[in-house]
Amino acid sequence: MTSFYEFGLAEPIIRALAEEKYITPTPIQTQTIPLVLAGGDLIGIAQTGTGKTAAFALPILNRLCATPMRAERKSCRVLVLSPTRELSSQILDSFRAYGRHLRIQTTLAIGGVPMGKQVRSLMNGVDVLVATPGRLLDLVQQNALRLNSVEVLVLDEADRMLDMGFIHDIRKIVAKTPAQRQTLMFSATMPKEIAELAGQMLKNPQKVAVTPEATTVERVDQRVIHLDHGAKLQILTDTLRAETIDRALVFTRTKHGADKVVRGLVKSGISAEAIHGNKSQGQRERVLAAFRDGRVRTLVATDIAARGIDVDGVSHVINYDLPNIPESYVHRIGRTARAGADGIAISFCSSDETAFLRDIEKLIRMPIPSTDRRTDPRPAHRQNSHRDSNQAPRHADRQAPGRRRQRPPYPGNGNGHNRPAHQGNGNNRPRPQGNGPDRPPSQPDQIATVAFMRREPDQRQPKSRADADRAPR
Ligand code: AMP
């Protein structure tokens with residue numbers, strides 16, 4: 001599919017897409033839109049950054065356009081569930097942007113803000129409601145919302161919802177919707193629990209999958225700086241000064257760490273803001289808006305707070321701390337390669353993080369070019385040496401006991417190559433070095449299935465739904 005015209009979408013939607021400057025559908029859109037237009041259930045294996053929001057929003061808007069009717073009071077025709085407030089408001093923005101020439105009512109139901117306005121906006125019924133699960137159930141329990149006339153139910157980032165402890169809420173919500181509905185589920189990975197949920201919720205679903213990891217990883221110019229832990233702030237300051245930066249997203253492991261980095265940068269005269277779960281919704285929205293329009297060029301974030309941040313034009317991702325979950329590295333650096341752009345990812349690696357680096361290189365199946373800025377580099381250190389990890393402490397929480405963790409297989413890159421192609425954009429990235437002891441076999445595995453992600457101690461499952469809404473991470 002080379003044009004949005006070919007889907008047969010209504011003219012007002014096509015017009016909005018032209019205004020958004022969307023010309024060619026992305027692969028997930030090409031696969032998904034016709035299936036959703038046909039009315040069937042669907043499982044989409046795709047993550048943020050692939051264009052999946054439009055993949056479900058466009059055919060849903062088309063349905064609303066083709067069957068205009070007033071939503072019942074305190075009801076919605078379309079319910080979209082997403083794990084975080086940020087993602088929910090981005091999804092709502094997308095519906096509003098693509099549906100700007102349609103007469104549709106849309107609203108948001110997220111935690112962390114007073115409920116009154118949400119209750120009022122649901123009073124007369126809405127066409128599209130985008131919600132986080134906790135707040136949605138609160139609204140239902142307060143009789144502000146009924147789910148018995150939902151025509152289309154979308155579960156976005158289902159694996160994240162599972163990871164954040166929302167699975168029971170989702171079951172409760174689904175049970176309140178009519179059996180006669182269209183259900184669309186999107187997930188970056190397909191752990192057992194999500195596959196089971198899909199089996200219970202979806203009727204003869206079509207499955208579509210896109211594998212953005214390879215393309216993302218290939219497009220990003222990646223570097224590692226080996227450094228002393230205590231030198232991170234100074235080297236970050238140097239890096240931000242040395243590079244030509246449009247927008248830099250800096251990742252720290254903890255909220256406290258993010259604040260500390262911001263304080264350090266500001267002290268050195270570099271404007272920066274932090275975004276994490278201790279910030280109020282208002283603060284987070286202000287910071288994101290400033291980052292989007294370029295008033296703040298450096299945003300320091302934790303993984304969870306950054307999830308779903310949809311900002312185009314991030315030129316640099318800097319891993320101030322390496323993630324202990326290798327998949328998070330791929331998600332992080334994907335922030336700089338959105339909508340076809342290239343980007344630069346610089347990762348700081350102190351001696352206690354070399355095991356994480358090793359895991360990341362194994363996952364992406366390529367060594368990352370590195371430089372060494374340690375004051376006392378070990379003479380035995382080789383670039384990208386996997387031996388380093390033998391000396392690094394393995395973290396006790398690296399794998400939940402009794403839970404066997406599967407790695408996502410190396411995804412094909414769509415060109416028929418099963419390894420990262422040699423870079424054609426001038427970046428001198430090395431090819432994988434064959435199948436050494438640490439190298440995965442050259443045959444790719446079949447379909448992306450990943451079990452659980454490990455959680456940091458401060459990212460454990462929320463004690464209750466209310467906690468989750470009050471204290472997003
Ligand atoms: P998503 O995966 O839905 O978060 O989308 C990622 C980014 O791609 C967003 O900034 C969208 O506005 C943009 N996008 C989605 N579809 C297209 C398209 N067909 N052409 C250009 N940009 C797109």
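In helix α12, the buried residues are K255, A258, V261, V262 and L265. Looking down the helix axis, these buried residues sit within an arc of 120°, so they line one face of α12. Keep in mind that this is a predicted model. The protein chain runs to 473 residues, and 47% of them count as buried.

**More on α12**
- Helix α12 covers residues 255-267, and its 13 residues at 1.5 Å each should span 18 Å; the end C-alpha atoms are 19 Å apart, so the two agree.
- What do the buried residues of α12 pack against? Their partners are helix α11 (232-242) plus the strands β9 (248-251), β10 (272-275) and β11 (298-301).
- Just past the end of α12, G269 adopts a positive phi of about 85°.

**The nonpolar cores**
- The largest nonpolar core has 72 residues, and the ones touching the most other members are L79, L81, Y98, V128 and L155.
- Helix α3 (residues 52-66) is the top contributor to this core, giving eight residues.
- There's also a second, separate core of 45 residues, with I275, A345, F348 and L357 among its members.
- As a general point, nonpolar side chains in soluble globular proteins tend to be buried together.

**A closer look at L81**
- If you skip neighbours within four places in sequence, L81 is in contact with A131, P133, L136, V154, L155, D156, I170 and I173.

**The chain as a whole**
- You'll find 18 helices and 14 strands in the protein chain.
- Take the contacts between residues at least 6 apart in sequence: 78% of them join residues at least 24 apart.

Technical notes. Residues numbered from 1 in each chain as written. Predicted model: local features only at pLDDT ≥ 70, side-chain atom pairs only at ≥ 80, totals over all residues. Helix = DSSP H or I, 4+ residues; strand = E, 2+ residues; numbered from the N terminus. Expected span 1.5 Å × (residues − 1). Buried ≥ 20, exposed ≤ 12 C-beta atoms within 10 Å, placed from the backbone. Arc of directions from axis to C-beta. Contact = placed C-beta atoms within 7 Å. Core = buried A, V, L, I, M, F, W, Y, C linked by C-beta atoms within 7 Å.
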